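Below is a short briefing on a single chain, arranged by topic for a reader with the structure at hand.

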Amino acid sequence: MAVRHRLIARPPAAVWDILSDPVRYAAWVVGTRESAPAEGEWPEVGAALSYTVRLGGKDLHGRTTVRRCEPPRALELEADSGPLGTARIALDIRPWGEETLVIMDEHPLRGLGGTLHNAVLDALQQLRHRGMLNRLAHLVEETEPTAPQDARSAGHGG
């Protein structure tokens, strides 16, 4: 099981904005070349994205399904990579003062990934997660904050 965390210099709602955008999924998930909505309204439970991963010069196609969604605090996904098997990816999004602590927990569920699961693969997952959390932080921190609802309505007679 690979668990990693990252402190992001924005509030949980800003992190959730990126996680709930299916178009940006490939921008923060290491190894994913492209992603597209496949079913339902992302990130509602049961919604899915299709994605493409390039591995050894070959494109592999997979699907990620939302299994738990509690905005803006928790998102759990099941990634189905076909012959490589399935994995559970849980994102725990915690307020941490003015910032957000994101904890990513991933482990194999079925298939080849579960059969071959070992400490070496966990170490490789740690490297992948570091990259994913760094990318997520960069996306969140570079996005302009949206004005709070009260500030947007101020001065409009509301």
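Of the 158 residues of the chain, 35% count as buried, meaning under 20% relative accessible area, with exposed set at over 50% and partly exposed in between (1.4 Å probe, protein chains only). The model is predicted, so local features need pLDDT of at least 70 and side-chain atom pairs count only at pLDDT 80 or more, while totals for chains, interfaces and linings use all residues. Residues are numbered from 1 along each chain as its sequence is written, and side-chain values use heavy atoms, with hydrogens and water left out.

**Overall make-up**

- The chain exposes about 8800 Å², of which carbon and sulfur atoms supply 55%; accessible areas come from the Shrake-Rupley method with a 1.4 Å probe, and for residues only the protein chains shown count as cover.
- There are 5 helices and 7 strands in the chain, taken as DSSP runs numbered from the N terminus (helices H or I, at least four residues; strands E, at least two).
- Their order from the N terminus is β-α-α-β-β-β-β-β-β-α-α-α.
- Among contacts (heavy atoms within 4.5 Å) between residues at least 6 apart in sequence, 48% join residues at least 24 apart.

- The 7 strands form an open sheet in the order β1-β7-β6-β5-β4-β3-β2, with antiparallel pairing; two strands pair if DSSP finds at least two bridges between them.
- The edge strands are β1 (2-8) and β2, each pairing on one side only.
- Neighbouring strands of this sheet are turned by 25° against each other on average, direction ignored.
- Strands β6 and β7 run antiparallel and are joined by 11 bridges; L91 has M104 in β7 as its bridge partner.
- Helix α1 (residues 12-19) lies across β1, β4 (58-70), β5 (74-80), β6 and β7, and runs at about 155° to β6. Axes here are lines fitted to C-alpha atoms, for helices over the stretch in contact, and angles run from 0 to 180 degrees between N-to-C directions.

- A90 sits in strand β6 (residues 86-96) and counts as buried because its relative accessibility is 9%.
- Leaving aside neighbours within four places in sequence, A90 is in contact with L75, E76, I103, M104 and D105.
- A90 and R67 are 23 residues apart in sequence and 9.4 Å apart in space, C-alpha to C-alpha.
- D105 belongs to strand β7 (residues 99-110) and is buried, with a relative accessible area of 17%.
- The side chains of D105 and R88 are joined by a polar contact of 3.4 Å. Such a contact is a pair of N or O atoms within 3.5 Å; within protein, one must be able to donate a hydrogen and the other to accept it, and residues adjacent in sequence count only if both atoms are side-chain atoms.

**Aromatic cluster**

- A search of the whole structure finds 2 aromatic pairs. Rings of Phe, Tyr and Trp (its six-membered ring) pair if their centres lie within 6.5 Å; planes under 30 degrees apart count as stacked, over 60 as edge-to-face and the rest as tilted.
- Y25 and W28 form an edge-to-face pair, 5.8 Å centre to centre with 70° between the planes.
- Y25 and W28 are separated by about one helical turn, because they are 3 residues apart in helix α2 (residues 25-28).
- Y25 and W42 also form an edge-to-face pair, at 6.0 Å centre to centre and 75° between the planes.
- This pair links distant parts of the chain, with Y25 in helix α2 and W42 in the loop between β2 (32-39) and β3 (48-55), 17 residues apart.
- Y25 counts as buried at 7% relative accessibility, and W42 is buried with a relative accessible area of 11%.
- Ring pairs link Y25, W28 and W42 into a cluster.
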